[in-house]
Amino acid sequence: LNTSPTYNFIIVNMWQKRKTRYTPEQHRQVTILAYLLLLETVIMFILGVYHFTLNHGPQLLSLWLSGQSMISGQAFTFDDFIRQLTIYAGQQRLIPALVESATLFLLTILGLSGAIGFFRIWRIAWTQAVFVQGVSLLISLILYFINKPRHIFLLMIYGVFMVFYLHYADVQAVFHTRVQE
Amino acid sequence: MNHETERFQRHRSWLRRFEPVIHYTHGEQFFATDVDTYVQESSLWVLRPDEQPECLIPEGKLTLERLAKFRPEILGAVTYIKFIEPLDVAALASYHLKQMGRSLFHKEDQNIFRAGLGRLARVGYSSRFVDALFSLSLLARGRVPGDAGAAAVLVYKKMQAEHENYCYYGRVIHQSGWVVLQYWFFYVFNNWRSGFFGANDHESDWEMINIYLSGSESSELKPEWVAYASHDFSGDDLRRRWDDPEVQKVGEHPVIYAGAGSHASYFSKGEYLTEMELPFLAPLVRLVDKVQVILKRKAKQGRNASGEKGNSFNVFRIPFVDYARGDGLSIGEGQEKSWDEPNLIEPVTPWVKNYRGLWGFFARDPISGENAPGGPRYNRDGSVRRVWYDPVGWAGLDKVPPPDRLLEVINQHQIELETERKSISHEIEQKQERLFNLGVEINSMKERPHLKANYQKCQVEITTLSGELATLRAHMAEDEAITEALEQYTEGIRRGGREPARAHIQHAHHPETTTEKRFGKMAEIWAAASISLMMIGFVALVIFWRHYLIFGLVGLVSLIVFIEAGFRRQLSSLIISLTTGLVIVAALVLLFEFFWEIVVVAVLVAGGYMLWENLRELWA
């Protein structure tokens with residue numbers, strides 16, 4: 001630990017600046033949002049895993065790792081694998097499902113860094129959180145118009161609520177996204 | 001010296017005293033000049049409906065005296081001057097080769113113009129698309145031939161070589177207590193489109209400024225206001241107070257920054273984004289304007305710190321940049337070139353008064369952008385210009401009394417208000433007396449059933465009279481408040497105070513800031529190519545992936561919009577807007593799927609909240 005006076009001065013000064021910049025109420029709202037973002041991240045990760053499993057992701061992954069053909073059970077090259085994967089994907093509508101789970105995993109990472117940004121009050125975190133909500137709503141709407149799985153309504157409600165919460169004046173004031181009147 | 005000559009000399013000296021300084025842009029080819037040589041180099045034509053153009057006076061024979069001669073014409077006929085004869089191929093090629101050579105090897109040449117940031121990079125997609133429509137419309141509309149600009153440059157150079165002159169035309173008008181100095185500048189050609197990527201080209205160009213002086217013929221004159229004619233602006237927005245820092249001056253000479261090619265006048269140097277409107281898109285333009293006004297009112301935005309509305313652009317207008325950089329030739333007091341003696345056109349000289357035709361080629365452009373303008377006195381259709389017969393009202397100065405009459409006007413108004421208040425007071429007294437009588441009458445009738453009809457009549461009369469009395473008292477209170485305000489205003493003026501110099505400006509036209517011009521070379525290339533790329537992408541989708549046309553189009557448009565937003569540093573606002581849109585759709589979906597559940601939850605929440613509030617009040 002650096003205990004030099006200069007270091008202590010900088011740390012104390014930074015901490016005081018941070019403390020005085022926002023009201024306790026604003027800080028409380030931001031912290032709640034950070035936890036809500038964390039919760040959303042967990043939900044998205046679970047949904048991602050669920051979609052991946054639902055669409056034979058683990059089987060395909062193990063096939064790729066073991067080098068076995070799904071159809072004939074014979075050993076094959078990487079090109080064979082891609083060819084067979086394409087045939088299989090065509091049959092099972094695998095590609096959209098994989099894209100969906102990949103997007104959910106990506107959103108998990110973005111949501112996680114957004115949540116950290118909220119805890120640390122990074123200015124970009126607010127836009128990042130809005131982006132995560134936008135993409136999650138987009139996926140929900142696409143799924144709604146394709147096959148209406150029940151769980152997407154949860155994602156939709158959560159997304160709508162989060163967007164409203166993110167636009168709360170106290171939260172926007174902390175991230176300077178609203179011009180002070 | 002007779003009275004008229006003396007007056008003429010006086011007006012000439014006033015014009016001389018305040019004559020402006022004009023700064024042109026690097027690359028400008030045409031400068032304010034005299035009309036005599038132009039007319040001598042031109043021919044006079046008439047185009048009658050359903051006929052071929054007829055030459056009335058050939059080139060070399062036309063003079064200002066012959067131009068001023070009245071010529072009766074049938075309805076629908078257009079009389080016009082023709083200045084330029086098309087160049088032959090060899091002359092045109094030689095001109096363009098010389099230009100190219102100068103551009104490549106003489107980068108500091110005064111005659112070479114460099115646009116810098118392209119105009120399309122400064123505006124959004126819709127505007128670029130409308131611009132593409134406008135460019136296509138030039139093929140169908142009448143327009144000045146492509147080589148006319150080049151030919152005009154050659155002829156103008158020849159004219160200047162024979163008799164170099166830089167001059168203006170002026171007149172002095174007395175209106176509503178103001179003395180107006182009106183300066184007219186004539187240019188042989190407007191090459192804004194062909195020379196500076198602007199909206200139009202046309203033969204001849206008349207530009208104008210007014211300087212408003214207080215005082216009279218016999219007393220000392222003091223400049224108070226100045227107004228420059230500029231593209232789309234009118235009324236209050238055109239004029240600036242003499243002490244406004246935006247009005248630059250060299251001694252007593254106001255400075256004009258002339259737009260390259262367009263010659264429009266600006267108070268500050270810079271690059272101005274101006275908008276043109278296509279007639280068939282006019283309803284859409286009006287609609288978007290109205291929506292913008294409502295949105296700005298709702299958001300309480302649109303005005304800067306000084307209370308002026310900033311530049312706001314309509315996607316259905318076509319954006320053009322008017323380059324008024326002021327880094328080229330300058331004419332006027334203490335500049336590279338000086339003005340010749342002022343040419344007075346007051347009392348109205350015959351060529352100004354009698355020639356109502358166009359001052360250059362009639363290109364038969366239905367939206368008039370490529371047709372030459374009328375003279376200083378007339379519009380294109382031959383009607384008299386407002387600025388000619390009402391220069392004070394044209395700049396919105398008709399409601400502003402000259403400073404030397406200000407106290408007199410206020411005093412007069414105060415007397416009028418006092419008289420009005422006395423009259424209202426008298427009326428109030430009479431009505432009040434009548435109302436008292438009616439009040440007594442109605443009270444006495446309350447317990448007399450046989451007077452029911454009179455009672456009801458009395459009630460109606462009381463209601464009417466009471467309303468009239470309230471209106472009169474409100475009027476009286478307003479008059480008192482106005483009188484009080486006038487007294488304070490007078491006191492302020494007596495102490496030497498003035499209202500802010502820019503309080504009258506609603507829409508100020510400011511040059512673009514460096515922040516607005518920040519886009520890089522990549523962004524410019526992108527702006528120039530994006531619409532074409534989108535069209536190519538659309539065709540590729542139709543040919544190769546027709547089954548996925550909708551998805552493909554959504555993807556293509558989204559990709560292009562995201563790239564564009566990135567270049568314009570508006571990615572954040574784009575994300576917010578898109579997410580808001582998705583929230584609305586998702587909310588509608590949820591409402592559709594769970595309508596009754598939502599209603600039940602909403603009722604329960606509202607009930608619970610009311611209960612909580614009531615209990616809290618009870619316990620408190």
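Student: Which residues have the most contacts inside the largest nonpolar core?

Tutor: A nonpolar core is a set of buried Ala, Val, Leu, Ile, Met, Phe, Trp, Tyr and Cys residues joined through side-chain atoms within 4.5 Å. Buried means under 20% relative accessible area, with a 1.4 Å probe and protein chains only. Here the largest core has 78 residues, and B:Phe185, B:Tyr212, B:Trp351 and B:Trp359 have the most contacts inside it. Strand 6 of chain B gives the most, 11 residues. A second, separate core of 23 residues includes A:Leu137 and B:Leu582.

Student: What should I know about the model?

Tutor: It is predicted: local features need pLDDT of at least 70, side-chain atom pairs count only at pLDDT 80 or more, and totals for chains, interfaces and linings use all residues. Residues are numbered from 1 along each chain, chains are lettered from A in the order written, and side-chain values use heavy atoms, without hydrogens or water.

Student: In what order do the 6 strands of the open sheet stand?

Tutor: Strands of a sheet pair through backbone hydrogen bonds, either parallel or antiparallel. Strands are DSSP runs of E, at least two residues; helices are H or I, at least four. Two strands pair if DSSP finds at least two bridges. In chain B the order is 9-8-7-6-5-16, with mixed pairing. Strands 9 and 16 of chain B stand at the edges with a single partner each, so one side of each lacks a neighbour in the sheet.

Student: How many bridges join strand 5 and strand 6 of chain B?

Tutor: They pair over 7 bridges, in the antiparallel sense. B:His174 stands opposite B:Val179 in strand 6 of chain B.

Key:
Buried < 20%, exposed > 50% of the residue type's maximum accessible area, 1.4 Å probe, protein only.
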